[in-house]
Amino acid sequence: MKDRGSDRTRWEAPVFTQPLKDCSVDEGCDIRLRGVITGSQPLCISWLHNGEAVRFGHASFQGGVAQLEVHDCLPEDAGAYTCVAENKKGKTSSSAAVCVRENIELVERTENDLIGKMISRDFNVSLKALMSLKTVDIEQTLPVQIVDCPERVEVQVGERAELQCAYRCSPPVAACWIHNKQQVVAEGPRTRVETSNKSSRLVISEACPEDAGSYTVLVRDCRGSAHHSLALTVIDRPQPPAGRPFISQLCLTSLVLSWSGPCYDGGSAVTGYVVEVKQVGPGKCGGWTEVTDRCKSTSYRVRSGLQTLQEYRFRVRAINAVGISQPSQESDTVKMDSETINSDLIVSVLGELQEEEDPQSYVHVTINAIQNVTDQYNKLEKLGVGKFGQVFKMMHKETNQVCAAKFYKARTSKEKAAARREIELMNCLHHPKLVRCLAAFESRSEIVMVMEYIAGGELFEHIVDDNFEHTEPTSVRYMKQILEGIQYMHRQNIVHLDLKPENIVCVNITGTLVKIIDFGLADKLDPKTPLKVMHGTPEFVAPEVISFEPVALATDMWSIGVICYILLSGESPFQGNTDAETLALVTAAAWEFDEESFDEITDLAKDFISRLLKKDMRRRMSCEQALAHPWMAAFTSVDPRSTKSLSKEKMKKFLAKQKWKKTGKALLALKRMTHLSSKADSPESPSSPPDREKVALSPEEELALLSLKENLRCEPQFATPLRDVAEPRGSTAHLSCNIIGYPDPEVLWHHDEDPIKETLRVQINYTENGQCSLIISNVQPEDSGVYSCKATNSLGTAQSSATLTIS
């Protein structure tokens, strides 16, 4: 007897180990769909096209590979393909969308074939009828063409927005609108789409900021498709500048006020800012006074109107073409007291006035998805390469401003989200010590962030230059600037997470001003959601990162301590022979001051470092505490001639070691360390998807275009009906009409209820554009009567009749 249990064990249901993949091909090329299937044989394989059995192409199944090939494909071959696999154990399927990009190369051929057919049959066709037919073919065989569509539409909030696109087409026609290359605009309380045979219009009532962005209209008729993109700008007053204004460079009668631009500029570029001040303190009850309404940047030096020993608060408003925003949050109270004078503005240890930073211009960057970066900038030489992509030196085509552009590889949604997040964070980081973002562009495969070009090079490279004198007081100045930049970030709850010497750069090659760059790993902390990260550089990463524990603002303070240690000694406190050894030293927080390297360094400097390199992040100094540390003001009255230069030899050796290290090695070492402690997730697969052929439309737009084909379906209609004709005996009679309908209707002609058949004297022509004609040569009296044309498809029937009179 047969063992049914063993039979069930032996049989395996079919499974797609490699499913079908969506594809786009040009008309006339081959469609190839392929899927890999496992399961017990015999397997029955079948193919469906739009839910119906495929009766074209070549299907095969061999070695577990099911394949369908359609040679010389046509537009109607586009759609949804499904491969169904079945055996006695079960059934499974896999589907893919196929888009066929149509071309218009067949127009001339269609025209010539039609005329040649008529001539070859030796018909006595009048020249007038022939030319009429030829003209119609030329105009109507072409696929749909966009003839008039704006590039940009601008409305104010609350106004009605109308986006209209005019086109030429062969009816029937279908159209849809897509917002920001992703979402199909649907009919709703505020939106409606009106489509005719000549144009499509999207109407948005009471436009709001969320309606702004790129809109793509997709139009399709039976011959082909077309698309056009335009930008809708919905302008309003800007939102208030984000966060609190920040006060720096304070002296007895002046200060510098810095702030972030608004999170949303109202859809119209911010053209300036209004700075307001209010005197506070006992007995002060005055209101806000305007300091300036002509500030063009997000930094302003207040030079007048401030009295010694008085207390003030500041706030800022943003201005655009529509109006002035509500005020920002108020700044902290500042007292114009000599005890709070910033040493940046007094005589330095070098016996010269310190450099003053010019207030800089900031913009709120929105990603430009309409243009390419090369539309506005010329690409110059390559500046660097990283795991994210490449950095190029650029020049603006109109202003000749030199910039740096970071080209992200952004083929996946995850890569694009990371790039967008960095741009979003940089919109919040408008501070003199942080690099500025100037513009951003997005295409199918990359995102480009344009930043200010900083010409001075890396700080440590600057220090080892023979023309530069490296001292402990200059190190204080560098550390103070780093702390000011990070303090601004931390006040907005943003953590940098990649502070290292390479990311501290000099503004120029002669001065001592620096900026912090590279916010690719930065993140905004959420008190409700602990943040754990798996990235960093071994020598500068904090112990909590290696242990895969939640990070905090104090994570940056550890890195600042390491930078300061190297800045003063030229040695790394945690440098091991391998990355794994380095990470082990960091985890144990095992470090000490090398006697030789720190022999001439002050105890205040050592105390400053010690208060940062604490394994318990709760015990590390904050930026505010570090800026208030006595070391920050230890050299304000020192005679510069008594200041001793620090040795650069160890610093040069440190830089030499850094040059051969790669970011990838650091990342792998971190993952190795976390595997040893069993606290990290398994690494992602290093494989990346292959480059796809670059096409004009996004995947969402391609699918929307496919769906438009269903919208073309309509019952037959006579766009141009038959008309009565009178002809003399022996001439040629020409009855013509124009039919629309999809699927293409079947056409039958009748003479007084009798079906008409083609003969040497009677010719019926029905072209793809719906032009239908009946041509009768050498007409006789018996040809008189009622002629009717009947058009039928799966949706319905239409008929048109006319009388032919032979005299």
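## Pairing strands

Two strands pair if DSSP finds at least two bridges between them. Keep that rule in mind for this predicted model. Strand E20 covers residues 255-258. Strands E20 and E23 run antiparallel and share four bridges, so they pass the cut-off of at least two. Within this pairing, leucine 255 stands opposite valine 302 of E23.

## A three-stranded sheet

What is the order of the strands in the open sheet? The order is E19-E20-E23, with antiparallel pairing. Strand E19 spans residues 246-248, and strand E23 spans residues 299-302. Both stand at the edges of the sheet. Each has a single partner strand, so one side of each lacks a neighbour in the sheet. From one strand to the next, the twist averages 25 degrees.

## The whole chain

The chain exposes about 40,100 Å². Carbon and sulfur atoms supply 49% of that area.

## Aromatic rings

How many aromatic pairs does a search of the whole structure find? The search finds nine. One of the aromatic pairs joins tryptophan 591 and phenylalanine 593. Their ring centres are 5.0 Å apart, and their planes stand at 90 degrees. Edge-to-face means planes over 60 degrees apart, so this pair is edge-to-face. Phenylalanine 593 also pairs edge-to-face with phenylalanine 598. Here the distance is 4.8 Å centre to centre, with 65 degrees between the planes. Tyr565, Trp591, Phe593 and Phe598 form one aromatic cluster.

Is phenylalanine 598 buried or exposed? Its relative accessible area is 2%, so phenylalanine 598 is buried. The cut-off for buried is under 20%. Tryptophan 591 has 22% relative accessibility, so this residue counts as partly exposed. Phenylalanine 593 has a relative accessible area of 23% and is partly exposed too.

## A lysine over two rings

Which ring lies under lysine 379 at 4.4 Å from the ring centre? That ring belongs to phenylalanine 392, and lysine 379 lies over its face. The charged end of lysine 379 also sits over the ring of phenylalanine 407. There, the distance to the ring centre is 4.5 Å.

Conventions
Residues numbered from 1 in each chain as written. Predicted model: local features only at pLDDT ≥ 70, side-chain atom pairs only at ≥ 80, totals over all residues. Heavy atoms only, no water. Areas by Shrake-Rupley, 256 points an atom, 1.4 Å probe, with all protein chains shown as cover. Helix = DSSP H or I, 4+ residues; strand = E, 2+ residues; numbered from the N terminus. Axes fitted to C-alpha atoms, helices over the stretch in contact; angles between N-to-C directions. Phe/Tyr/Trp six-rings, centres within 6.5 Å; stacked < 30°, edge-to-face > 60°. Buried < 20%, exposed > 50% of the residue type's maximum accessible area, 1.4 Å probe, protein only. Lys NZ or Arg CZ within 6 Å of the ring centre and 35° of its normal.
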